[in-house]
Structures are given as structure tokens and as C-alpha cells.
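Thanks for coming, everyone. I have one structure to walk through today. Please bring it up on your screens.

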Amino acid sequence: MSTSDLNLWHPFTQEGVDPVPLVVRGGKGVFLETQDGRQILDAISSWWVNLHGHSHPAIAQAVAEQAAKLEHVLFAGFSHEPAEELASRLGKVIPPPLRHVFFSDDGSTAVEVALKLALQYWKNCGRPKKSRIVALENAYHGDTVGAMSVSDDSPFTAAFDSLRIPVLRTHSASCSHCPVGLTRATCHIECLNKLEKLLTEQGEEIAVVIVEPLLQGAGGMIVHPEEFLAGVRRLTVAHDVLLIADEVLTGFGRTGRMFACERAAVVPDLMCVAKGLTGGFLPLAATFATDRIHDAFVGGDRMRAFFHGHSYTANPIACAAANASLQIFEREPVFDRIAAIEKVHRERLPAFAAHPGVSDVRHIGTVAAIELNVPDAGYLSSLRPRLYQYFLSRGVLLRPLGNVVYILPPYVITPDQVNFVYDVIRDALAWIEKST
Ligand SMILES: Cc1ncc(COP(=O)(O)O)c(C=O)c1O
């Protein structure tokens with residue numbers, strides 16, 4: 001590095017404490033290849049974005065071809081074939097009532113769009129008093145100001161409280177730390193009662209409830225019972241409040257279905273996707289809306305318009321990557337791969353559940369989490385950086401959320417490779433025991 005080179009400031013990384021980032025020169029399938037020639041198995045899909053493996057040739061080709069044809073054009077007053085094709089492909093997999101798609105850049109912007117659509121919907125309907133937002137404990141919806149506001153308090157938000165808009169907070173169905181002190185085997189999803197009370201008492205002022213359906217990701221890979229999501233939907237309908245399903249993490253097969261909402265037979269009013277939309281190649285996000293939402297923005301009054309957009313909205317190259325990724329779902333046995341990953345989770349997790357160093361295990365679809373028993377549980381657990389380094393030393397990229405080790409692999413991982421990841425986690429537990 002010469003003296004004129006700029007310092008690279010990395011996300012969620014503390015200079016002076018965290019090790020110098022590894023330089024990656026290539027990626028193929030589940031493996032990343034570092035500059036010094038090491039192969040690292042990417043067991044977290046590079047922050048949950050990669051579906052079909054790194055540098056999948058079909059997506060790489062689609063990107064190259066589109067770049068040579070049309071790299072970008074503004075999306076106001078113009079459209080283009082990759083976006084039209086993507087709308088048509090998404091139309092085949094998105095629940096039918098969600099017939100309108102608004103593109104943006106990443107998970108956070110998809111959430112901002114959904115929140116703004118929800119608030120303006122009520123304004124356009126002549127009910128501006130309906131302006132409050134309800135979000136869940138343990139929620140994570142992104143790092144921009146609106147998304148950070150609906151996310152729960154955490155080390156990620158601590159410095160920015162003065163920026164965050166106030167939201168009403170309700171329980172999450174975090175069964176291993178039940179917010180109402182019950183156990184799943186005998187409960188009747190009483191964690192919903194708080195939401196019911198909020199909607200009953202303040203429904204006239206509440207615009208929208210936002211949830212991560214069935215799986216709260218960055219909050220600790222918390223798996224909710226399907227009855228909880230179904231109950232949230234029932235309550236929002238009963239109290240005439242909109243529901244946003246943030247499927248940024250769960251979308252495109254992660255939970256064993258194309259979208260997590262399907263597992264609970266829930267159709268929200270607004271749905272956000274990002275991460276896996278392009279198969280992990282390029283930033284692109286989408287917010288889907290029903291006719292009811294969309295139609296409130298139609299009409300002669302210019303103030304009904306949705307004044308929101310980003311320079312790169314619906315970038316053609318990103319749309320081409322998304323089209324190629326969705327085609328892979330049609331051409332390759334993606335859901336068989338997903339089922340094979342889930343089978344290994346089912347086989348391997350019981351042994352971890354019985355381990356004295358483990359306080360809980362959980363899984364849904366391709367995602368599994370092992371919560372470790374530590375005195376300083378939470379994102380800043382002192383075990384986390386040591387574990388991260390241990391996993392890397394064994395050639396596996398796992399990035400624990402504090403004391404929660406989770407596996408969230410690209411779907412092309414083989415069962416043997418998933419078993420290898422579990423072996424490494426098992427060895428890590430033995431290593432922790434020895435070193436404490
Ligand atoms: C459920 C959920 N929503 C939104 C986001 C924000 O997405 P992005 O990092 O692409 O802005 C994330 C990121 O992890 C997420 O898990």
C-alpha cells in the first residue's frame with residue numbers, strides 16, 4: 001500500500017481490535033479463495049446473499065451480456081426489458097395479491113420503501129392519524145434511519161437514538177427466552193397478547209406492523225412458531241392495520257419455501273426482498289404491494305404520487321442477474337438441495353442440544369443456530385471473536401452473532417460439506433472447554 005492509498009473502512013469492523021480483513025481473489029461454489037491461496041468454505045452465504053454458489057456461470061454470463069447491451073438508464077419515465085422480465089418472473093413466485101413491485105437497492109431501502117408506502121397509504125386515504133409503527137423485540141431491519149428505527153435497541157443502534165423515530169414495540173415469539181415465561185409445548189402463543197392490546201387500544205393511530213416472518217436474523221436467528229405469524233396477520237386484519245413482511249433474509253428458499261410467509265399461509269400487504277434476489281451477485285431489492293396499497297397512489301392529484309426513488313433503481317445489470325438466478329430455480333433441483341441441507345440440520349442438531357455448553361438449538365429450512373451458554377450472552381460476547389478466528393483457522397467462514405453460532409449456506413453445499421461444518425463446530429465446543 002503506498003502512502004497515497006486510502007484506508008479501506010470496513011463495515012461492522014473495529015480497526016485496532018479486529019484482525020486485518022482477508023483479501024479474497026476468487027469464489028467458486030461454496031468456496032472463497034484468499035490471496036494467499038487458502039480455500040474457505042462460505043457457510044453463511046456471504047452475509048446471507050448467495051444462493052447458487054459463488055461465480056455461478058449462468059449469472060456471470062447474464063451480467064456480462066447485459067452490461068454490454070445497456071448498463072443503466074433512469075427508471076422514471078423509462079423502463080427496460082430486464083426489469084419487465086423480472087416483474088414477470090417474480091409474478092410467478094410472489095403470492096398473487098402482491099401484484100405491484102417497487103425496486104430499490106438493498107434490504108434497508110426495501111424496508112424504507114415499505115414503511116413510507118404504508119404511511120402515505122393512510123394519508124392518501126384521508127386518515128393521516130394512522131401513522132404509528134409497531135415492530136418486534138429482537139428485530140433487525142437494516143441500518144438506514146427508518147430501518148434502524150424499527151430494529152430493536154442493540155449495539156448497532158446505541159449511538160443513534162436521537163435519529164430513530166419512536167415505534168411501538170411488541171413481543172417476538174422467542175421460545176427459548178419466552179417473553180411471557182411460558183413453554184412452547186403447552187403455550188397458546190400468549191406472546192401475541194401484547195400486540196392485541198396495542199392494536200385494541202391504539203389501532204386508530206397505528207398504520208402498520210413490521211415483522212421478519214418466522215426467522216429473526218441478526219437478532220439471533222430466532223425461529224418463531226408459524227402460529228405466531230398467522231396470529232399477527234389475523235390481528236392486523238381485524239384492526240385494519242397493514243402488515244409488512246420483511247423477507248430480506250428469508251426470501252428465495254431460505255426457510256424451505258420460496259417465502260417464509262407461505263409456511264404460515266400468510267399474505268402481507270407489503271413484502272420486502274433483497275439479499276438473494278440476484279443470487280448474491282449485485283445489490284437489488286424489491287418491495288411488493290397489493291392493489292389496495294397501489295390504488296391509493298393513483299389519481300389526478302400529484303400529491304398522491306410516491307416521491308421516492310434511487311439513482312440506480314431497477315439497474316438493468318442487477319435485474320439480469322436476478323432473472324438468471326430465478327431461472328436457476330427452474331433449471332436446477334434447488335429445492336432438493338434445500339431439503340438435503342435441512343436433513344443434515346435435523347440429524348446433527350440433537351447432539352448439540354444435549355451438550356452442556358449449549359443452551360438452545362433451532363432450525364428452519366436451510367438455517368440452523370446453536371446458542372452457546374456463556375456468562376456474557378449477546379452480540380458483544382467475548383467468545384465471539386475467538387470463535388470466528390477458530391472457524392477461519394479450520395477453513396470455514398462462520399460469523400457468530402455473539403454467542404449464537406449459525407449455519408446459513410449457499411444451496412449448492414453438499415451434505416458432506418454441511419456435516420464438515422458441524423464437525424468443526426463440535427470441535428470448537430471441545431476447544432472452548434479446553435481453553436477455559
Ligand atoms: C431481515 C432483514 N431486513 C433488512 C436487512 C438489511 O439489508 P441490507 O443489509 O441489504 O441493507 C437485513 C440484513 O441483514 C435483514 O436481515
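Start with helices α2 and α10: they pass each other in a right-handed crossing. Before going on, some ground rules. This is a predicted model, where local features need pLDDT of at least 70 and side-chain atom pairs count only at pLDDT 80 or more, while totals for chains, interfaces and linings use all residues. Residues are numbered from 1 along each chain as its sequence is written, and side-chain values use heavy atoms, with hydrogens and water left out.

Helices here are DSSP runs of H or I with at least four residues, strands are runs of E with at least two, and both are numbered from the N terminus.

Back to the pair. Helix α2 covers residues 57–69 and helix α10 covers residues 316–331. Their axes lie 8 Å apart, at an angle of about 150 degrees. Axes are lines fitted to C-alpha atoms, for helices over the stretch in contact, and angles run from 0 to 180 degrees between N-to-C directions. So α2 and α10 are roughly antiparallel. The cut-offs: under 35 degrees is roughly parallel, over 145 roughly antiparallel, 65 to 115 roughly perpendicular, and the rest oblique.

Who touches whom? From α2, A58, I59, A62, V63, Q66 and A67; from α10, P316, I317, A320, A321, A324, S325 and I328. Contact means heavy atoms within 4.5 Å. By class, that contact has eleven nonpolar, two polar and no charged residues. Nonpolar is Ala, Val, Leu, Ile, Met, Phe, Trp, Tyr, Cys and Pro; charged is Asp, Glu, Lys and Arg; the others, Gly among them, are polar.

Next pair: α12, residues 383–393, and α13, residues 415–435. Their axes come within 11 Å and cross at roughly 130 degrees. That makes α12 oblique to α13. This crossing is right-handed too. On α12 the contact uses L383, R386, L387, Y390 and F391. On α13 it uses V424, I425, D427, A428, W431, I432 and S435. The count for α12 with α13 is nine nonpolar, one polar and two charged.

L195, E196 and L199 of α6 meet V232, L235 and T236 of α7.

Now the sheet. Strands of a sheet pair through backbone hydrogen bonds, parallel or antiparallel. What is the strand order in this open sheet? Four strands run β1-β2-β3-β15, with mixed pairing. Two strands count as paired if DSSP finds at least two bridges between them.

Strand β2, residues 31–34, pairs with β3 in the antiparallel sense over three bridges. F31 has L41 of β3 as its bridge partner. The β2 and β3 hairpin has four residues between the strands, and G37 takes a positive phi near 85 degrees there. On to β15: two bridges join it to β3, residues 39–42, and this pair is parallel. D42 stands opposite L397.

Last, the whole chain. It has 13 helices and 16 strands. The C-alpha trace spans about 70 × 60 × 50 Å along its principal axes.

Terms used:
A crossing is left-handed if the near helix is turned anticlockwise from the far one by less than a right angle, and right-handed if clockwise.
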